[in-house]
Amino acid sequence: ICMLKKIIALGAGAFFSINVFATEDPYAPALPQVWSSIIIVSGGPAWSNPGKDQYLYPFPPPQNNYYIADSKSDWLGTGGIFFGLQHFIGASDVIGQFGLGVAAASDASLSGTVGVNGVPDVYTYQYKVSHVRAEFKGKLVACGFQTLQPYLSGSFGVGWNHAHDWTPTTIDPVLYPTYWFTTASTMAFSYTLGAGVQKMLTPNWQLGVGAEFADWGKNYLGGDGATLNQGPGMPHLYTTALMFSIGYMY
């Protein structure tokens, strides 16, 4: 009888083990059981906000220039590289990725018209802003789904915004000579928020696609050397990007 009980117990244990193995997530071997290193390269098209209306007050007072930004958005390219570590968060089905990254973007073009002392549309203007940032980045991946794993991401860091290529026109160069603002670089706080899905192709490789909102921070042109110490700019330049990524875990 004791031997029969042992056989039944062993048989039940084997059956339970077989069932657990059969229902195990087939993607589990591709998920990190210990701290793992990962590198992710991402990039895609982005759209910038059109700018901000603002007043500037040239010397001598009481002159004023009213800069009215165009309502159209500009498209540009953006990309970055991320180095981090990943691991399950507690006993949940969520993986956390944390690390450092570098990102950059092509020039965002800003344009508009200028009213001078209450006279509208005296000038048109255009200038460009380029952006590079170093960031601390995090990502939460829900790995309880077999086909695609949704994720949320975010980052914050230091951005360098380079305002350049100021190009003005005027309706009358005699009555309204143009202001020539200089190139300027500004260091700013920047951050991103993102969401998307990823797919694990092998235990090491993964692909992803998502949307990412970014705040580049402030940017300003330099002064004209005579009447203004600081040219047009804005406290925040926002972009929204469609990001494609490829990652390698090692």
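This is a predicted model: local features need pLDDT of at least 70, side-chain atom pairs count only at pLDDT 80 or more; totals for chains, interfaces and linings use all residues.
Tutor: A nonpolar core is a set of buried Ala, Val, Leu, Ile, Met, Phe, Trp, Tyr and Cys residues joined through side-chain atoms within 4.5 Å.

Student: How many helices and strands does the protein chain have, and in which pattern do they follow one another?

Tutor: The protein chain has 1 helix and 12 strands. Along the sequence the pattern reads α-β-β-β-β-β-β-β-β-β-β-β-β.

Student: What share of the residues is buried?

Tutor: Of the 250 residues in the protein chain, 40% are buried. The chain exposes about 13600 Å², and carbon and sulfur atoms supply 69% of that area.

Student: What share of the contacts with a separation of 6 or more comes from residues 24 or more positions apart?

Tutor: Such residues account for 69% of those contacts in the protein chain.

Student: Let us return to the core. How many residues has the largest nonpolar core, and which have the most contacts inside it?

Tutor: The largest nonpolar core has 27 residues. Those with the most contacts inside it are Tyr67, Tyr125, Tyr127, Val129, Trp166, Phe181 and Trp216. The elements that give two or more residues to this core are strand 3 (65-69), strand 5 (94-116), strand 6 (119-142), strand 7 (149-170) and strand 12 (238-249). A second, separate core has 5 residues, among them Phe88, Ile95, Cys143 and Tyr151.

Student: Which residues does Phe181 touch, beyond those up to four places away in sequence?

Tutor: With those excluded, Phe181 touches Tyr67, Trp166, Leu221, Gly222, Gly223, Asp224, Leu228, Gly231 and Pro232. Phe181 also belongs to a cluster linked by ring pairs, together with Tyr67, Tyr123, Tyr125, Tyr127, Trp166 and Tyr179.

Student: By what is a pair of aromatic rings described?

Tutor: Such a pair is described by the distance of the centres and the angle of the planes. The structure holds 15 aromatic pairs. One of them joins Tyr55 and Tyr66, with 4.4 Å centre to centre and 15° between the planes, and this pair is stacked. Tyr55 lies in strand 2 (residues 54-56) and Tyr66 in strand 3, so the pair ties together parts that are 11 residues apart in sequence. Tyr55 is partly exposed, with a relative accessible area of 45%, and Tyr66 is partly exposed at 27%.

Student: Which geometry has the pair of Phe136 and Phe156?

Tutor: That pair is tilted, with 5.9 Å centre to centre and 50° between the planes. Phe136 in strand 6 and Phe156 in strand 7 are 20 residues apart, and their pair links distant parts of the chain. Phe136 has a relative accessibility of 38% and counts as partly exposed; Phe156 is partly exposed at 47%.

Student: Which residue lies over the face of Tyr151?

Tutor: Lys139 lies over that face, at 4.2 Å from the ring centre.

Student: Is Asn49 buried or exposed?

Tutor: The cut-off for a buried residue is under 20% relative accessible area. Asn49 has a relative accessibility of 19%, and therefore counts as buried. Asn49 is found in the loop between strand 1 (36-48) and strand 2. A polar atom of the Asn49 side chain lies 2.8 Å from the backbone nitrogen of Tyr238. Leaving aside neighbours within four places in sequence, Asn49 is in contact with Leu110, His236, Leu237 and Tyr238.

Student: Where is Ser190 found, and what does Ser190 touch?

Tutor: Ser190 is found in strand 8 (residues 184-200) and counts as buried, at 1% relative accessibility. Not counting residues up to four places away in sequence, Ser190 touches several residues, including His131, Arg133, Ser155, Phe156, Asp215 and Trp216.

Student: Where does Tyr250 lie, and is Tyr250 buried or exposed?

Tutor: Tyr250 lies in the segment after strand 12. Tyr250 is exposed, with a relative accessible area of 53%. The C-alpha atoms of Tyr250 and Ser37 are separated by 5.4 Å, although these residues are 213 residues apart along the chain. With residues up to four places away in sequence not counted, Tyr250 touches Ser36, Ser37, Ile38 and Ile39.

How values were computed:
Residues are numbered from 1 along each chain as its sequence is written. Side-chain values use heavy atoms; hydrogens and water are left out. Helices (H or I, at least four residues) and strands (E, at least two) are DSSP runs, numbered from the N terminus. Buried means under 20% relative accessible area, exposed over 50%, partly exposed in between (1.4 Å probe, protein chains only). Contact means heavy atoms within 4.5 Å. Accessible areas come from the Shrake-Rupley method with a 1.4 Å probe; for residues, only the protein chains shown count as cover. Rings of Phe, Tyr and Trp (its six-membered ring) pair if their centres lie within 6.5 Å; planes under 30 degrees apart count as stacked, over 60 as edge-to-face and the rest as tilted. A charge sits over a ring if NZ of Lys or CZ of Arg is within 6 Å of the ring centre and within 35 degrees of the ring normal. A polar contact is a pair of N or O atoms within 3.5 Å; within protein, one must be able to donate a hydrogen and the other to accept it, and residues adjacent in sequence count only if both atoms are side-chain atoms.
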